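Reader: I've got a new model open on my screen and I'd like to talk it through with you. Can we go over it piece by piece?

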Amino acid sequence: MFANHVGPYHNPSETYQYYTLPFCQPKGGKQYITEDLGEVLEGDRLVTTPFEIKFLQDMEHQQLCNKTLDSKDLDMLRTAVARDFYFQMFFDDDLPVWGFVGKTERNKQQQAAGAAKQQQQQSDLRFFLFTHFHFDIAYNGDNVIEVNVSTAASDPQKTRDITTASSLAVEFSYSVKWKPTEVELDDRMDRYSRISFLPQHLEIHWFSIINSCVTVLLLTGFLTTILLRVLKNDFMKYSAGRDDEAGEPEDETGWKYLHGDVFRFPQNINLFAAMIGAGTQIYVVVLCVFLLSLVGTFYPYNRGAMLSACVVLYALTAGISGTSGYVSGVWYKMMGGRQWVSNVLLVSVLFCGPLLCVFSVLNTIAWVQGSTQALPFGTICIIIVIWALVTFPLTVLGGIAGKNSKDEFSAPCRTTKFPREVPPLPWYRAAPAQMAMAGFLPFSAIYIELYYIFASIWGHKLYTIYSILFIVFIILVIVTAFITVALTYFQLAVEDHRWWWRSFLCGGATAFFILGYCLFYYHYRSEMHGLMQTAFFFGYNAIGCYAFFLMLGSIGWRASLLFVRSIYKAIKCE
């Protein structure tokens, strides 16, 4: 039996080493288990315990140790019990068990009063420490299938009152009960999925997803019909004007009027190309993670596997074809860029730079509070080495390949020498209003799924239905691409040719809605509190939203580019 960590139940990111609390230690001294990169990133710190559990051997009462708790130990335990501290252990390194350190009770007369001040309420609480651990272990043949631990023993002698004591002698003990089961070894992790998604909840989950998908598809179909009908009328009017050779040529209006400006490259091409490259890389990483998830790589409590995969995939996709180094380099070259070194440096730090800044602040907070979420110096060095010897060199190689690429930007229309002046537009045609409209529809397709994802990342539930998540992701990509194309058309229709940056911003606008959902979840769907948990929640969620912004922005821009090329190719403008 290995102990992992302890921490307040409502603050899943605030975890501390198991022996931070005065628990019994092994006779030969505690020994830490070597963890891989993903496990360390998750804050796991496995350590040996004095529990000696022998296969198929029941134990009624086995003493762990006798311990005299001084005032410092008792103050620490009272704080832990008041904050609902729980512990996590692992049997055979992969079967998790949880239990609470103790419990609180309020005097009956104070329960009836209910209006006492906070200090008085604290003094009226009674704190109880659980000193006995009972393990129920299910086996099938020679294999351990299931492990459960209960600490709230029915025997009052094994639950000690630590409310007012300044020194207390306690005995820590444990018992073990073995029982057979018909569950096979390959199916022993299924119980954790069933606990996280009960049948009735799963039905609601599917119904909500189907309802969201139908709503989005209906809205998408409605907009598609309107857009195709408008485009058809535009093409018919343009063809009729060109065929009428007898009369005077009709002045071009709307999007057709911009054929000499629509393919004019945007400002700040270095930053634009770098954001396209970074967004494409994140998109490739997400697809690879989904592929690994669908083939069953990330089974429940395969500790750190997903984080390890993300680190490795991000490092390996930095320079190969289709990701940041190459994509940024080739687009920077096609847009006429000459300072390719600055482009390579920019795309290298565009995502990693903000991530490093946020990580530095959060890791410092965790280190000051003594949390296991603070990465050891050795792990930080490993991550730096991976970036310096793998990610950055691959990005440079990708940038060189993009610079030397023979790809040329093919535009169906010739760009004029001087840009056309954009007419004055109403406020709802401006970028903020367009981004609000662009982000709402994709967010409406995923907001239900966000609750389950947040409950898994920032709670104690497991998320194992990757097929549903993949379907929602595909819908998100499709809706993002479509709504960005629609808004790009409406922008061109009012003779505004500055669609390059606008399409990227509209595509990534869903990230701002997700950030708003983070605020809603924190205040109304969770009981998180404290500096460290709040900083971790908003810090890492901000980085996640930034990644979504880059990824969906690049998707929206690519869809708009394909659309603009198609419509201007269809009118055969000279």
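Reader: Let's start with T510: buried or exposed, and at what relative accessibility?
Author: Bear in mind that this is a predicted model. T510 sits in helix α16, residues 510-524. The cut-off for buried is under 20% relative accessible area, so T510 counts as buried, with a value of 0%.

Reader: Which residues is T510 in contact with, neighbours within four places in sequence aside?
Author: Contact here means heavy atoms within 4.5 Å. With the neighbours within four places left out, the list for T510 is A438, G439, P442, F443, I446, L476, T480 and L552.

Reader: Zooming out, how many helices and strands does the protein have, and what share of its residues count as buried?
Author: The fold has 17 helices and 12 strands. There are 574 residues in the protein, and the share that count as buried is 48%.

Reader: And the accessible surface, what does that come to, and how much of it belongs to carbon and sulfur atoms?
Author: For the protein, the accessible surface comes to about 28600 Å². The part that belongs to carbon and sulfur atoms is 60%.

Reader: Which residues make the nonpolar surface patch, and what is its area?
Author: Helix α6, residues 199-243, gives the largest share of the patch, four residues. I210 is in that helix, and at a relative accessible area of 47% I210 is partly exposed. The patch is made by W206, I210, V214, L218 and I471, and its area is about 470 Å².

Reader: Why is helix α9 largely enclosed by the rest of the structure?
Author: Helix α9 spans residues 324-334, and the buried ones include V327, W331, Y332 and M334. It is largely enclosed because, of its 11 residues, the number buried is nine.

Reader: Which helices do the buried residues of α9 pack against?
Author: Just past the end of α9 there's G336, with a positive phi of about 95 degrees. As for packing, the buried residues of α9 meet α7 (269-294), α10 (340-349), α12 (377-403) and α17 (531-570).

Reader: Now the open sheet: what is its strand order, and which strands stand at the edges?
Author: Four strands make up this open sheet, with mixed pairing and the order β4-β12-β9-β10. Each edge strand has a single partner, so one side of it is left without a neighbour in the sheet; these are β4 (59-69) and β10 (143-150).

Reader: What about β9 and β12, in which sense do they pair?
Author: Strand β9 covers residues 132-140 and is joined to β12 over eight bridges. H134 is opposite S175 in β12. The sense of the β9 and β12 pairing is parallel.

Reader: Which helix lies across β4 and β12, and at what angle to β4?
Author: The helix in question takes in residues 71-82. It lies across both strands and is called α2, and its angle to β4 is about 120 degrees.

Reader: In the salt bridge of R498 and D496, which residue is buried?
Author: The side chains of R498 and D496 meet at 3.0 Å, N to O. R498 has a relative accessible area of 48% and is therefore partly exposed. At a relative accessible area of 1%, the buried residue is D496.

Reader: Last one: how many salt bridges does the structure hold, and which residues are linked in a network?
Author: The structure holds 10 salt bridges. One of them is formed by E105 with K103, with the closest N and O atoms 3.4 Å apart. The residues linked in a network of salt bridges are D261, R264 and R420.

Methods. Residues are numbered from 1 along each chain as its sequence is written. This is a predicted model: local features need pLDDT of at least 70, side-chain atom pairs count only at pLDDT 80 or more; totals for chains, interfaces and linings use all residues. Side-chain values use heavy atoms; hydrogens and water are left out. Patches are made of residues with over 30% relative accessible area and no salt bridge: like charges are joined within 9 Å, nonpolar side chains (Val, Leu, Ile, Met, Phe, Trp, Tyr) within 5 Å. Accessible areas come from the Shrake-Rupley method with a 1.4 Å probe; for residues, only the protein chains shown count as cover. A salt bridge is a side-chain nitrogen of Lys or Arg within 4 Å of a carboxyl oxygen of Asp or Glu. Helices (H or I, at least four residues) and strands (E, at least two) are DSSP runs, numbered from the N terminus. Buried means under 20% relative accessible area, exposed over 50%, partly exposed in between (1.4 Å probe, protein chains only). Two strands pair if DSSP finds at least two bridges between them. Axes are lines fitted to C-alpha atoms, for helices over the stretch in contact, and angles run from 0 to 180 degrees between N-to-C directions.
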